[in-house]
Amino acid sequence: AKDPVRRFAVDKAFSLKNNPLSGIALPGWIAMLWRYGRAIEWRKYWLRAVFLSFMAIVNGIFALLDWIFFAHTIVKAKLHPSPIFVLGHPRTGTTLMHNLLSKDDKQFYFCTTFQAGFPSGFAILDKISWLFAGFVDERRPMDNMKLGLSMPQEDELATNVLSGGKSQYMSIFLPRLERESFRQFVNFEDATADDFACWRQSFMFLLKKLSAVNDGGSGNRRLLLKSPVHTGRVRLLLKLFPNAQFIYLHRNPYRVYQSAANMADKAYPYMYLHTPDNIHIQEFILSQFEQLHSLYIRDRNLIPKGNLIEIAFEDLANDQEKTIARIYTHFKWPNVDRMLAAVREHQKTNKSYKKNSFSTLSEHEKKMVAQRWKQAFNEFDYKIE
């Protein structure tokens, strides 16, 4: 029962693409190396480490220029008191939801892929972001969805870089340290006060910088944020934004595991700084789901009435217009007709997109998922096979 259920790829050691650490500045890189450098496999991943070190110097220069020219604007920037958080475990439709809601640019703004990738210098670099197009593929490795620099992206990628690795996302780069070093960074309840202060300062700085660059610092529009790790941070996020609104997506756990395993196989190898074994990757997928789900269920009742809606992935996938209309009605958001027209246009633009097909789960995998994720099956009435 302890044997790995499948083999995961670890074959991208010399690839420099699709790595969210490419935007880290020198102070953050030094802090990361000081804390985790001994865990890096320098002989195998020397090219990636050299590349990131070079980029850290370049990013440090842009970070300094950003601060010189934009510090005053960033400090003065206002934030709307009711940001939107799209919650859900990876592979539950959060990216699709994020992309769809981003079409309502009269009401929302968001962190772009470029801004998430280069958070230290995007204020000065944003208008020439096209020069960095070669850093990412045109489509995501794990699901063939479009991956443009101007498209919505996970804010936690930027916070991880700005904080020098005070994020659960470091589990993808150094997966063998997931349990001992990074699991505490989901909600920081077991982290040190200094680590939490560093993450909070980095997160709030990012949000104010996004406001300054994307919304003129006015605070008139609302931030639309999506990072799966936020699913385990409801209590924390409510302390920062008591009037925040939340959209939570859930999906059949069997399909989540299939898709998460596919992502680990196709996307994670671009990011590794040491080589995990199959058990490390499998356990990360399983334990991450358990942690995020249990924390969400524990804390969702803290959300003020009317500020949370739960959506099944199947409903979103089968009828995007109906699902978006349901959300707008629930939150009493304006201009639903204009938004639905934007959704229809989005569907036309992406009509050639085909969903991934995954390998069938073995009986052992089905049993393992049903046992480990039983709470999610019961909570959202999914059938155990």
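**Exercise 1.** Leaving aside neighbours within four places in sequence, which residues is S120 in contact with?

*Before we start.* This is a predicted model, where local features need pLDDT of at least 70 and side-chain atom pairs count only at pLDDT 80 or more, while totals for chains, interfaces and linings use all residues. Residues are numbered from 1 along each chain as its sequence is written, and side-chain values use heavy atoms, with hydrogens and water left out.

*Solution.* 
- Look for contacts, meaning heavy atoms within 4.5 Å. S120 touches G23, A25, N59, F62, A63, D66, L162 and K209.
- Check accessibility: S120 has 11% relative accessibility, so it counts as buried (under 20% relative accessible area, with a 1.4 Å probe and protein chains only).

**Exercise 2.** Describe how α3 packs with α15.

*Solution.* 
- Helix α3 (residues 94-101) meets helix α15 (residues 336-349) at an angle of about 120°, and their axes are 9 Å apart. Axes are lines fitted to C-alpha atoms over the stretch in contact, and angles run from 0 to 180 degrees between N-to-C directions.
- From α3 come L96, L100 and L101; from α15 come M339, V343 and H346.

**Exercise 3.** Now describe how α3 packs with α14.

*Solution.* 
- α3 and helix α14 (residues 320-331) pack at about 70°, with axes 12 Å apart.
- The two helices, α3 and α14, are therefore roughly perpendicular (65 to 115 degrees).
- L96, M97, L100 and L101 of α3 meet Q320, T323, I324, I327 and Y328 of α14.

How values were computed
Helices (H or I, at least four residues) and strands (E, at least two) are DSSP runs, numbered from the N terminus. Angles under 35 degrees count as roughly parallel, over 145 as roughly antiparallel, 65 to 115 as roughly perpendicular and the rest as oblique. Buried means under 20% relative accessible area, exposed over 50%, partly exposed in between (1.4 Å probe, protein chains only).
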